[in-house]
Amino acid sequence: MLHHDNAPAHSSLLIRQFLAKNQTPVVPQPPYSLDLAPCDFFLFPKLKSTFKGRHFQTIDDIKQTTKIDRSTDIPISAYQECFKKWKRRWQRCIASQGDYFEGDNVHLE
């Protein structure tokens with residue numbers, strides 16, 4: 001199963017054909033619900049936290065720091081919690097009938 005945002009690169013004919021050929025189910029994303037993409041609410045903030053408050057002297061320093069694979073620093077339990085949050089966010093999206101929401105602003109009944 002694959003979930004990605006609605007970026008044109010992710011929805012191009014070539015990508016759709018590849019996913020269909022490999023029988024990869026795609027979970028659709030409503031056009032304005034940015035809070036549903038796990039990369040946006042989970043992975044990118046974790047990866048960016050390494051750089052918060054740091055100042056780099058050169059472009060090479062930035063390149064060297066970004067080459068390190070930070071995803072291996074994230075424990076499996078964090079990914080499991082991310083999946084649970086992703087499911088809750090989908091429930092909120094359904095509850096809001098696909099309207100835009102941020103974080104926990106939509107409450108389930």
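This note walks through a pocket and a helix pair.

1. Welcome: this is a predicted model, where local features need pLDDT of at least 70, side-chain atom pairs count only at pLDDT 80 or more, and totals for chains, interfaces and linings use all residues. Residues are numbered from 1 along each chain as its sequence is written, and side-chain values use heavy atoms, leaving out hydrogens and water.

2. Start with the largest pocket, which holds about 310 Å³ of space. (A pocket is an open set of points on a 1 Å grid over the protein atoms alone, where a 1.4 Å probe fits, with protein on both sides within 12 Å along at least five of seven lines; lining residues have an atom within 4 Å of a point.) Of its 14 lining residues, H3, A37, P38, C39 and C82 are the closest to the centre.

3. Helix α2 gives the most to this lining, with five residues. The lining has nine nonpolar, three polar and two charged residues.

4. Now look at how α2 and α4 pack: their axes come within 10 Å and cross at roughly 150 degrees. That makes α2 roughly antiparallel to α4 (an angle over 145 degrees).

5. Contact here means heavy atoms within 4.5 Å. From α2 come P38, F41, F42, L43 and K46, meeting A78, Y79, C82, K85, W86 and R89 of α4. Eight of the contact residues are nonpolar, none polar and three charged.

Notes:
Points joined across faces, edges and corners; volume = space filled by probe spheres on them. Helix = DSSP H or I, 4+ residues; strand = E, 2+ residues; numbered from the N terminus. Nonpolar A, V, L, I, M, F, W, Y, C, P; charged D, E, K, R; others polar. Axes fitted to C-alpha atoms, helices over the stretch in contact; angles between N-to-C directions. Parallel < 35°, antiparallel > 145°, perpendicular 65-115°, else oblique.
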